[in-house]
Structures are given as structure tokens and as C-alpha cells.
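Here's a quick walk through the fold, surface and charge layout of one protein. Have a look at the structure first.

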Amino acid sequence: MEVNLLAVLVAAIVSMMIGSMWYSPLLFGKIWMKLSGVSFPKSKKKQQQMMLTAYGLGLLSSLVTAYFLAHFISVMDADSAGAGAQIAFWAWLGFVLTTQFGAVIWEQRSYKLLLIGGSNMLVSFLAMGVILAVWPA
């Protein structure tokens, strides 16, 4: 099993870029903040520190996700955009959506939050799947 670490890094960065846009005020950021109860500290310094920590941990999480998705793609011998997207879709459906749905069931979170977060993860997974499948090992 070969995993191209540069492809993993690029896939993780692309996932972060998608998330940054997804949760920006241009797309779903305002409604997500309202529904989730997230607010930013009033202090600019604390706000910057919080964002730096969040982006650092988010990148780490995206790297782990991309790395494991790369293993799935390698095991399945996917070498086309369609095959990578298909594997990513099934991984998203089986692991991500079901996990996020648990928050709706047990934490009584909003279905709208599930839709926002789940669709972000779907687009991110599809993008990572395509990148990891077509990037030579």
C-alpha cells in the first residue's frame, strides 16, 4: 500500500479551503453560528488566538482524514476521479454522516446543522477522494 504524502497534504489543504468558504459569511457561516450558538470573543487578540488554534487542529484533523482516505483508495486500487469520488462518498455515508446524525439524535441538534455540516464534509470528502485517486503514488 502506497500513500503519497504530498497528495495527502494537498487534499487536507483543499478540504480546509472548502470548509473556510463553507462556514464563511458568504455561504453558511451566519446561520451555522446562530444554530450552533458559536460566538467569537470580543477581544481581537483572543479571537486571533482561537482561530489559530481552531485552524491548526482542523488541519491536523484533515490530514488524518486524508491519510486514511488515501489508504482506502489505495486498497481499492482506485486510479480515476470517479473511483476516488465513489470511495469517498461511501466513506462519508458510512462514517461521517452516521456519526453526525448521532448528534441530532442524542444531543438534539438541529437537522439544519446536520445539513450544513454533512454537506460540507461530503464536498470535502469528494474533493479529497478525487485528488488522492488521480495523484500518482
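What follows covers the overall fold, then the surface and its charges.

This is a predicted model, where local features need pLDDT of at least 70, side-chain atom pairs count only at pLDDT 80 or more, and totals for chains, interfaces and linings use all residues. Residues are numbered from 1 along each chain as its sequence is written, and side-chain values use heavy atoms, with hydrogens and water left out.

The protein has five helices and zero strands, so the pattern along the sequence reads α-α-α-α-α, with helices (H or I, at least four residues) and strands (E, at least two) taken as DSSP runs numbered from the N terminus.

Some whole-protein numbers:

| Property | Value |
|---|---|
| C-alpha trace along principal axes | about 50 × 35 × 25 Å |
| Buried share of the 137 residues | 31% |

Buried here means under 20% relative accessible area with a 1.4 Å probe, protein chains only. Areas come from the Shrake-Rupley method, also with a 1.4 Å probe.

Now the surface. Leu5, Leu57, Leu60, Val64, Tyr67 and Phe68 make a nonpolar patch of about 600 Å². Patch members have over 30% relative accessible area and no salt bridge, and nonpolar side chains (Val, Leu, Ile, Met, Phe, Trp, Tyr) are joined within 5 Å; a salt bridge is a side-chain nitrogen of Lys or Arg within 4 Å of a carboxyl oxygen of Asp or Glu. Helix 3 (residues 44-75) gives the patch its largest share, five residues, and Leu60 sits in that helix.

On charges, there are 8 positive and 4 negative side chains, with the centres of the two sets 36 Å apart. Lys and Arg count as positive, Asp and Glu as negative, and His and the chain ends are not counted.

How values were computed: Buried means under 20% relative accessible area, exposed over 50%, partly exposed in between (1.4 Å probe, protein chains only). The place of a charge is taken as NZ of Lys, CZ of Arg, CG of Asp or CD of Glu. Patches are made of residues with over 30% relative accessible area and no salt bridge: like charges are joined within 9 Å, nonpolar side chains (Val, Leu, Ile, Met, Phe, Trp, Tyr) within 5 Å.
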